[in-house]
Amino acid sequence: MTRPLSSIERSIQGRNSWLQEEERKAIESRGETGRMEFWLRVTRTEITREVKAGRSDVLTAFTLVCRLFKLVLEKRQAGDPRLFDHLMKYADTVLKQHGPHH
C-alpha cells in the first residue's frame with residue numbers, strides 16, 4: 001500500500017497534469033510550432049520568477065542555451081549534423097530521467 005500524497009506532491013502532480021494538457025492543446029491547435037511556442041511561454045514565465053527571486057544567473061544560462069542551439073543549427077545547415085544529433089539525444093535522456101512527463 002502506498003502512502004497518500006502530500007499537499008506539495010499533489011500540487012506538483014496537478015501542475016504536471018496541467019502542463020501535459022496545455023501541451024496537448026497547443027499541438028492540436030498548431031502542431032509542433034504550437035508545442036514550441038507553449039514551452040517558450042512557460043520558460044519565459046519561469047525565467048521571470050527566477051529573476052524576481054534574485055536568481056538572475058538564469059538569464060546567462062538561458063542565453064548560453066540559446067547560443068548553443070544556434071551554433072548546433074548552423075553546424076547542421078553547413079552539413080554536419082553530429083552536434084544536433086548529440087544535443088537531441090542528450091536532451092531526450094535528461095528529460096526522460098528528470099522531466100515531469102513523457
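Author: Rings of Phe, Tyr and Trp (the six-membered ring for Trp) count as a pair if their centres lie within 6.5 Å, and planes under 30 degrees apart are called stacked, over 60 edge-to-face, and the rest tilted. The structure above is a predicted model, in which local features need pLDDT of at least 70 and side-chain atom pairs pLDDT 80 or more, while totals for chains, interfaces and linings use all residues. Residues are numbered from 1 along each chain as its sequence is written, and side-chain values use heavy atoms, with hydrogens and water left out.

Reader: Why is the pair of phenylalanine 38 and tryptophan 39 given the name it has?

Author: Their planes stand at 70°, with the ring centres 5.0 Å apart, and that angle is over 60 degrees, so this pair is edge-to-face. Trp18, Phe38 and Trp39 together form one aromatic cluster.

Reader: Is phenylalanine 38 buried or exposed, and how do you know?

Author: Buried means under 20% relative accessible area, exposed over 50%, and partly exposed in between, using a 1.4 Å probe and protein chains only. Phenylalanine 38 has 5%, and therefore counts as buried. Tryptophan 18, with 41%, is partly exposed, and tryptophan 39, with 27%, is also partly exposed.

Reader: What makes the contact between glutamate 23 and arginine 35 a salt bridge?

Author: A salt bridge needs a side-chain nitrogen of Lys or Arg within 4 Å of a carboxyl oxygen of Asp or Glu. Here the N to O distance is 3.2 Å, so the contact between glutamate 23 and arginine 35 qualifies. Glutamate 23 is buried at 4% relative accessibility, whereas arginine 35 is partly exposed at 24%.

Reader: Which helix holds glutamate 32 and arginine 35, and how far apart are they along it?

Author: They lie in helix α1, 3 residues apart, which is about one turn of the helix.

Reader: Where does the charged end of arginine 76 sit?

Author: The charged end of arginine 76 sits over the ring of phenylalanine 84, 3.8 Å from the ring centre. The rule asks for NZ of Lys or CZ of Arg within 6 Å of the centre and within 35 degrees of the ring normal.

Reader: How do you know that the length of helix α2 is close to what is expected?

Author: Helices are DSSP runs (H or I, at least four residues), numbered from the N terminus. Helix α2 covers residues 57-77, has 21 residues and reaches 30 Å from its first C-alpha to its last. The expected span is 1.5 Å times one less than the number of residues, which for α2 gives 30 Å. After α2 comes glycine 79, whose phi is positive, near 105°.

Terms used: Helices (H or I, at least four residues) and strands (E, at least two) are DSSP runs, numbered from the N terminus.
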